[in-house]
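Dear colleague,

I am handing over the structure below, together with notes on what turned up in it. Please read the notes with the coordinates open beside you.

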Amino acid sequence: MAADSVLITGGARGLGEALVRAFHAAGWRVAVSDIDGEAAQALAQGLDPSGETALGLALDVRQAAQFEAARDAVLARWGSVEALVNNAVVTRARPVLEIDPDEFSAVVEVNLRGTFIGCQVFGRLFKASGYGRIVNIASLAGQNGGTATGAHYAASKGGIITLTKVFARDLGPAGVAVTAIAPGPLDSPAVHELVPPAQLAALVETIPVRQLGDTAFIARTAVHLAGRDAAFANGAVWDANGGLFMR
Ligand SMILES: NC(=O)c1ccc[n+]([C@@H]2O[C@H](COP(=O)([O-])OP(=O)(O)OC[C@H]3O[C@@H](n4cnc5c(N)ncnc54)[C@H](O)[C@@H]3O)[C@@H](O)[C@H]2O)c1
């Protein structure tokens, strides 16, 4: 049987890059997509210059037509696609009373609307083919309101958890499993850019395991949830936060 194929959004850097590498290392054919199409293509080229197992695509998740075009490009290249990882994000931190409504909408548009469009576009395809896996990257912020991020980011991530449940219920009977991962703060470029070092050290002290999360571990968790044997995880929100938030 040919390898399964996955499309990853926001795959050019951070957790997205870790996801790309983990799926590829696990033997998947990987479509690396990002609003920064050049960076996505560079990463795909680096993984497999022949293009046989890695494909770089420009995809702005705010645009349904671009999602459909990316889906069609993957189908044209590999004949099928079995999984989608909704990872693309804009991360903003600002006190809640200072967030301009337009900034709120801009964050929600990428994070929540982008995930909604991805689940719809690929959900239709997966439902028609009778098989598929969707892994949504949520966040601890969507469960506890956020530690280092703003209300727009946190609310969008809470919405992703809810969308995961809605799509899981709708698509489950058609052989499609929809799951989410809710990581706490990761050792990633975004966290180091967003949180000054002293504040970051203080944040780590509040985490029971006294360390930031490992993007490679989160990425391997996504590979696990996208597996052929993962049907029963449908609807799950998989926590990985060092014990910051337990439920
Ligand atoms: N970094 C963390 O500590 C952390 C913690 C919890 C959850 N997460 C989640 O992990 C995921 C990745 O986070 P990260 O920190 O690696 O982010 P990042 O900011 O480092 O990377 C995000 C990627 O998304 C791309 N992107 C932005 N807007 C886009 C759009 N409109 N369309 C397509 N791509 C777009 C960017 O170009 C970038 O490559 C996100 O869903 C985030 O919420 C991260």
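Glu-205 and Arg-210 form a salt bridge whose closest N and O atoms are 3.4 Å apart, a salt bridge being a side-chain nitrogen of Lys or Arg within 4 Å of a carboxyl oxygen of Asp or Glu. Arg-210 is partly exposed, with a relative accessible area of 46%; here buried means under 20% relative accessible area, exposed over 50%, and partly exposed in between, with a 1.4 Å probe and protein chains only.

Please bear in mind that this is a predicted model, in which local features need pLDDT of at least 70 and side-chain atom pairs count only at pLDDT 80 or more, while totals for chains, interfaces and linings use all residues. Residues are numbered from 1 along each chain as its sequence is written, and side-chain values use heavy atoms, with hydrogens and water left out.

The whole structure holds 10 salt bridges, and one of them joins Arg-13 to Glu-193, with 3.0 Å between the closest N and O atoms. Because Arg-13 lies in the loop between strand 1 (5–8) and helix 1 (14–25), whereas Glu-193 belongs to helix 7 (residues 189–194), this pair ties together parts that are 180 residues apart in sequence; helices (H or I, at least four residues) and strands (E, at least two) are DSSP runs, numbered from the N terminus. Arg-13 is partly exposed at a relative accessible area of 42%, and Glu-193 is exposed at 56%.

Within helix 4, Arg-113 and Glu-109 are four residues apart, about one turn of the helix, and their side chains meet in a salt bridge (3.9 Å, N to O). Both are partly exposed, Arg-113 at 41% relative accessibility and Glu-109 at 32%.

Helix 4 (residues 101–129) also packs with helix 6 (residues 151–171), at an angle of about 15 degrees and with the axes 9 Å apart, where axes are lines fitted to C-alpha atoms over the stretch in contact and angles run from 0 to 180 degrees between N-to-C directions. Helix 4 is therefore roughly parallel to helix 6, a description used for angles under 35 degrees.

Technical notes:
Parallel < 35°, antiparallel > 145°, perpendicular 65-115°, else oblique.
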